[in-house]
Amino acid sequence: MISGRWISPFTGKVIQNSSEIDIDHVVPLKWAWKRGAKGWTRAKRERFANDMVNLSPVELSLNRSKGAQGPDEWLPPSGQCGYVARFVRIVKQYDLKPTKPEARWLKAFLERCRS
């Protein structure tokens with residue numbers, strides 16, 4: 001067992017046992033695939049999958065409950081505004097194309113965060 005100290009952005013909880021963490025893709029790979037990554041080169045897909053901006057150590061159970069869902073379907077227990085803002089930054093950086101309902105949801109959610 002590897003021990004260390006990870007702080008989950010999903011809860012703020014300190015995790016010290018590596019068997020309790022999972023590495024989350026903020027923008028899930030399957031979600032990205034359906035919104036443009038399918039047309040990328042292999043090199044760009046690998047860069048996206050390993051981009052540290054898109055990776056976070058989180059509770060294993062929460063990451064498993066998230067699966068390949070976008071924020072309109074799943075949100076972490078805490079830090080939701082920051083999570084969605086990060087999600088949107090990554091989507092824009094990689095020129096992914098959310099569906100129209102997803103784009104409307106993301107915009108409305110971030111507007112609520114700003115008010």
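Tutor: What follows looks at the disulfide and then, for contrast in setting, at one aspartate. This is a predicted model, in which local features need pLDDT of at least 70 and side-chain atom pairs count only at pLDDT 80 or more, while totals for chains, interfaces and linings use all residues. Residues are numbered from 1 along each chain as its sequence is written, and side-chain values use heavy atoms, with hydrogens and water left out.

A disulfide is a covalent bond between the sulfur atoms of two cysteines. Taking it here as a pair of cysteine sulfur atoms within 2.5 Å, the count comes to 1 disulfide, and it joins Cys-81 to Cys-113 with an S to S distance of 2.0 Å. This pair links distant parts of the chain, 32 residues apart, with Cys-81 in helix α4 (residues 80-93) and Cys-113 in helix α5 (residues 100-114), where helices are DSSP runs of H or I with at least four residues, strands are runs of E with at least two, and both are numbered from the N terminus. Because the torsion about the S-S bond of Cys-81 and Cys-113 is about -90°, the disulfide is left-handed. Cys-81 is partly exposed at 34% relative accessibility, and Cys-113 is also partly exposed, at 26%; buried means under 20% relative accessible area, exposed over 50%, and partly exposed in between, with a 1.4 Å probe and protein chains only.

Asp-24, which lies in strand β3 (residues 21-25), counts as buried, with a relative accessibility of 1%.
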